[in-house]
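User: Could you take a close look at the place where the two chains meet, and walk me through it with the cut-offs spelled out?

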Amino acid sequence: MFFHIVLERNMQLHPRYFGRNLRDNLVSKLMKDVEGTCSGRHGFVVAITGIENIGKGLIRDGTGFVTFPVKYQCVVFRPFKGEILEAVVTMVNKMGFFAEAGPVQIFVSNHLIPDDMEFQSGDMPNYTTSDGSVKIQKDSEVRLKIIGTRVDATEIFCIGTIKDDFLGVINDPATA
Amino acid sequence: MEKGGKGYSLPSKGLKSSLKSTPANDASIKGKDDSSAKSKRGRKVQFNSEADKFDFLSKSNGKLDAPAAKGNLSKGGKGDRISNIGKAPSTKEPQPLELKVEQEIPKNAKCLMHCEASQILHGIQGQMVLLSRDPTVKLPVSFDKALHYAKTGARYTNPQSVRQVLESLKKHGVSDGEICVLANVCPESVDEVFALIPSLKSKKNMLTEPVKGVLDELANLKQQE
């Protein structure tokens with residue numbers, strides 16, 4: 001789910017960036033520093049949408065650097081346990097399949113794929129029901145439910161399930 | 001960190017099933033196994049002969065066995081819970097996995113529906129073209145992915161009216177997070193809503209009518225577009 005949120009960060013700026021462009025420099029450094037990062041609490045920082053407030057700078061002892069507390073608004077993307085997402089399948093193997101929802105990777109284990117779907121190997125590996133009516137393969141769109149998340153510095157990784165009512169393939173590239 | 005642990009819980013489920021037999025066997029062979037296995041290291045001298053006995057039983061997977069036994073027996077609750085999470089979707093456990101967005105995000109955050117996010121991100125992308133004189137500032141890959149995702153996920157073109165329609169559910173106690181999931185998933189029937197958002201089930205009687213109304217209105221909105 002996307003969020004709009006106000007975050008705060010202490011920015012250290014080298015004196016060579018001071019002057020009439022100080023604010024611009026501060027903002028572009030902020031963008032470089034935070035956009036694309038992620039945290040467990042907020043998820044992916046997708047984009048900064050505005051600066052609320054830049055506080056008074058504080059000179060750091062011993063260096064020329066000055067620390068500015070910056071409050072900024074940003075759009076973040078964070079998956080939640082229990083959330084329903086629509087994701088695009090990126091890889092299928094006998095362990096299950098990987099899918100992508102925006103910047104987030106999701107793995108659906110074969111234990112969490114309905115029992116009537118069997119793995120078929122080949123150059124286009126897929127999961128198919130016995131009557132062949134439903135097929136999950138690369139580029140399929142699936143609706144899944146997040147049941148676990150893991151966050152590291154640059155990536156969010158989720159475990160999902162499609163073993164429930166109203167979950168599963170929503171659009172099959174082969175038939176479309 | 002806890003999240004990380006949970007994230008891993010699923011993969012370990014496969015592992016656990018292969019190990020499941022060992023702790024169970026141990027327990028049936030010797031009831032006191034788990035306690036002595038734990039104290040094995042500490043009191044090796046006293047229980048030397050006994051320790052040897054189950055060393056031969058569990059030496060090969062002794063390393064794995066000990067944590068497994070700990071997980072399953074001493075912290076039995078946790079082990080159970082993990083397997084519940086795995087099974088919850090299929091077998092309607094008493095505590096299905098519920099969406100608790102409000103408890104997990106800071107107070108000042110506002111949930112965005114895909115259509116809203118898509119509008120905002122689109123605006124930013126437009127600005128970036130102007131701002132990109134500074135070549136060192138560029139949008140990260142995750143931005144493009146998020147924008148693409150928001151765009152494809154957006155079912156409606158007019159976020160305000162969707163928000164207005166869904167906002168009416170708020171007075172029935174539906175949370176912001178649940179409203180956003182509703183807007184993003186775009187369910188077709190009332191049953192679908194309650195199946196996908198189990199946290200609403202407790203208020204099912206009260207919500208059925210309003211949800212039905214909202215779904216009809218949303219369908220109308222979509223047709224107009």
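Analyst: Happy to! The contact (heavy atoms within 4.5 Å) draws 56 residues from chain B and 49 residues from chain A. This is a predicted model, in which local features need pLDDT of at least 70 and side-chain atom pairs count only at pLDDT 80 or more, while totals for chains, interfaces and linings use all residues. Residues are numbered from 1 along each chain as its sequence is written, chains are lettered from A in the order in which they are written, and side-chain values use heavy atoms, with hydrogens and water left out.

Between them, chain B and chain A bury about 4500 Å², 66% of it on carbon and sulfur atoms; buried area is the accessible area (1.4 Å probe) that two parts lose on being put together, summed over both.

Four salt bridges link chain B and chain A, each a side-chain nitrogen of Lys or Arg within 4 Å of a carboxyl oxygen of Asp or Glu. One of them joins A:Glu100 to B:Lys145, with the closest N and O atoms 3.5 Å apart.

On the side of chain B that touches chain A, several elements supply at least two residues each, among them helix H1 (2-29), helix H8 (141-153) and strand S1 (110-112); helices (H or I, at least four residues) and strands (E, at least two) are DSSP runs, numbered from the N terminus. H1(B) gives the largest share, nine residues.

Finally, S1(B) pairs with strand S1 (residues 2-13) of chain A in the antiparallel sense over three bridges, where pairing takes at least two DSSP bridges between two strands. Here A:His4 has B:Lys110 of S1(B) as its bridge partner.
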